[in-house]
Number of protein chains: 2
Amino acid sequence: MPRPQSDIDAGRERLVEQAIALIEERGNSAITMTELAAAASMSPANLYRYFDSRDALVEAIAEYWFRPKVAIMEEVIASDLTARRKMFEFFARRFTMMKEEWERDPLAFAVYVELGRDNFEQVRSYVDLGDHYLSLIIGEAMAEGYFEGLSIDETLSLVNQMVSVYVNIGAMEMVMPRLTTVKLARIVDAIFDGLSARDRGSAGLAELRSVQNA
Amino acid sequence: MPRPQSDIDAGRERLVEQAIALIEERGNSAITMTELAAAASMSPANLYRYFDSRDALVEAIAEYWFRPKVAIMEEVIASDLTARRKMFEFFARRFTMMKEEWERDPLAFAVYVELGRDNFEQVRSYVDLGDHYLSLIIGEAMAEGYFEGLSIDETLSLVNQMVSVYVNIGAMEMVMPRLTTVKLARIVDAIFDGLSARDRGSAGLAELRSVQNA
């Protein structure tokens with residue numbers, strides 16, 4: 001008789017936590033299903049009842065890591081802040097959480113950077129989800145008159161590039177001591193007050209022409 | 001009798017080029033002095049007349065890689081462009097050169113990312129030199145009235161963060177297909193027209209207070 005779904009879910013959650021403890025303890029993300037089964041005092045066959053492959057386990061670890069970040073994004077999107085305030089909170093709250101994770105254990109943080117780099121397929125859906133929510137904020141900002149002449153996708157790409165060090169854990173890790181929410185606020189203000197399709201002379205003639213044709 | 005300095009310099013240059021060929025061919029930066037000596041058909045003792053340690057060799061490779069980028073920076077600084085145009089050219093010309101290197105051989109590019117990460121001490125002086133030149137441009141911009149209320153160091157840090165993906169080869173590598181000089185021009189325009197110490201509401205009360213106290 002199959003166990004009720006909630007039992008399986010609770011078991012998966014416990015196993016993910018054990019996998020994370022193992023990864024953080026070893027400082028290396030290359031654990032095997034056999035090693036996790038041993039750490040959880042169960043047979044590999046039993047472990048496969050919870051995760052039918054190592055990929056499924058990595059996907060569950062990613063879901064566990066991203067869950068509080070997704071909750072922050074949903075909370076900010078649902079709030080009645082202005083678009084400008086929303087964009088700041090959207091990045092600042094997650095950055096603050098990740099900075100705390102880094103401060104608590106920089107080596108474990110480095111393992112997550114490695115894990116994300118080696119398993120980008122399992123991470124991509126969260127990147128896409130973040131882009132989706134950020135697009136909503138950009139759409140609201142456009143309705144308020146910001147980012148004149150740019151499309152949502154162009155703005156999305158530009159904003160992602162300008163705040164990259166506050167979002168991407170690999171980029172963040174290299175410069176963490178220099179990152180602060182005060183600087184992030186100044187960057188978000190520069191984005192709102194400075195970003196548009198209007199060429200204001202930074203590029204030379206050749207680039208100007210391609211800006212106009214873009 | 002010691003060889004004339006120019007002979008030694010020419011020999012070092014040839015050996016650096018052989019080391020680079022070896023590194024790019026193997027797709028791995030971990031070459032030894034013995035391997036380079038063999039590739040150059042000379043004895044290790046002879047090689048040590050040119051580089052007295054592996055560190056000295058890595059430093060020479062860094063100098064070789066950075067040389068054309070430093071030339072670009074000096075050329076832009078010496079030009080009579082406006083500060084805004086200078087900042088764009090300062091980043092755009094080097095970015096275009098690095099993008100071409102990546103297009104020519106993405107695997108070799110990845111080796112340089114790894115080499116820079118593993119030998120940051122040899123790279124740091126070039127990062128500092130770039131900061132020095134960028135500070136000059138920021139100073140000129142301030143004389144023109146830009147970046148109101150910010151210090152040169154604060155502006156330097158903010159600009160470096162906002163253009164990070166166009167400068168840092170590790171960050172660049174991850175998103176290269178999305179990087180264009182047109183987007184860079186828009187970011188530089190946003191920096192000039194949007195960046196100042198004035199709080200314009202992106203941060204909430206707590207951050208506002210720390211902005212005022214910063």
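Ser135(B) is buried, with a relative accessible area of 19%; this value counts as buried because the cut-off is under 20%. The residue lies in helix H7 of chain B. The model described here is predicted, and it scores ipTM 0.90 and pTM 0.91.

**Ser135(B) and helix H7 of chain B**

- Leaving aside residues up to four places away in sequence, Ser135(B) touches Ile152(B) and Leu156(B).
- Helix H7 of chain B covers residues 120–143, a run of 24 residues.
- From its first C-alpha to its last, this helix reaches 34 Å, close to the 34 Å expected at 1.5 Å a residue.
- Besides Ser135(B), the buried residues of H7(B) include Gln122(B), Val123(B), Tyr126(B), Gly130(B), Asp131(B), Leu134(B), Ile137(B) and Ile138(B).
- The elements that cover the buried residues of H7(B) include helices H4 (54–78), H5 (83–104), H6 (106–118), H8 (152–162) and H11 (181–194) of chain B.
- Just after H7(B), Gly145(B) takes a positive phi of about 100°.

**The nonpolar core**

- In soluble globular proteins, nonpolar side chains tend to be buried together.
- The largest nonpolar core in this model has 143 residues.
- Those with the most contacts inside this core are Phe51(A), Met87(A), Ile191(A), Phe51(B), Met87(B) and Ile191(B).

**How the two chains are arranged**

- Chain A can be laid on chain B with an RMSD of 0.0 Å by a turn of 180° and a shift of 0.0 Å along the axis.
- That is the relation of a two-fold axis.
- The same surface serves both copies, since 100% of the contact residues of chain A recur in chain B.

**The contact between the chains**

- Chain A gives 42 residues to the contact, and chain B gives 42 residues.
- About 3600 Å² is buried between chain A and chain B, with 58% of this area coming from carbon and sulfur atoms.
- In chain A, the residues that lose the most area to chain B are Gln161(A), Arg186(A) and Ser202(A), together 21% of what that side buries.

**Confidence in chain A**

- Chain A averages a pLDDT of 91, and 93% of the residues score at least 70.
- Within chain A, confidence is highest in helix H8 (residues 152–162), at a mean of 98.
- Confidence in chain A is lowest in helix H12 (residues 205–213), at a mean of 51.

Definitions and conventions:
Residues are numbered from 1 along each chain as its sequence is written. Chains are lettered from A and ligands numbered from 1 in the order in which they are written. This is a predicted model: local features need pLDDT of at least 70, side-chain atom pairs count only at pLDDT 80 or more; totals for chains, interfaces and linings use all residues. Side-chain values use heavy atoms; hydrogens and water are left out. Copies are superposed by least squares on the C-alpha atoms of residues with pLDDT of at least 70 in both. Contact means heavy atoms within 4.5 Å. A nonpolar core is a set of buried Ala, Val, Leu, Ile, Met, Phe, Trp, Tyr and Cys residues joined through side-chain atoms within 4.5 Å. Buried means under 20% relative accessible area, exposed over 50%, partly exposed in between (1.4 Å probe, protein chains only). pLDDT is the predictor's confidence in each residue, from 0 to 100. Helices (H or I, at least four residues) and strands (E, at least two) are DSSP runs, numbered from the N terminus. The expected span of a helix is 1.5 Å times one less than its number of residues. Buried area is the accessible area (1.4 Å probe) that two parts lose on being put together, summed over both.
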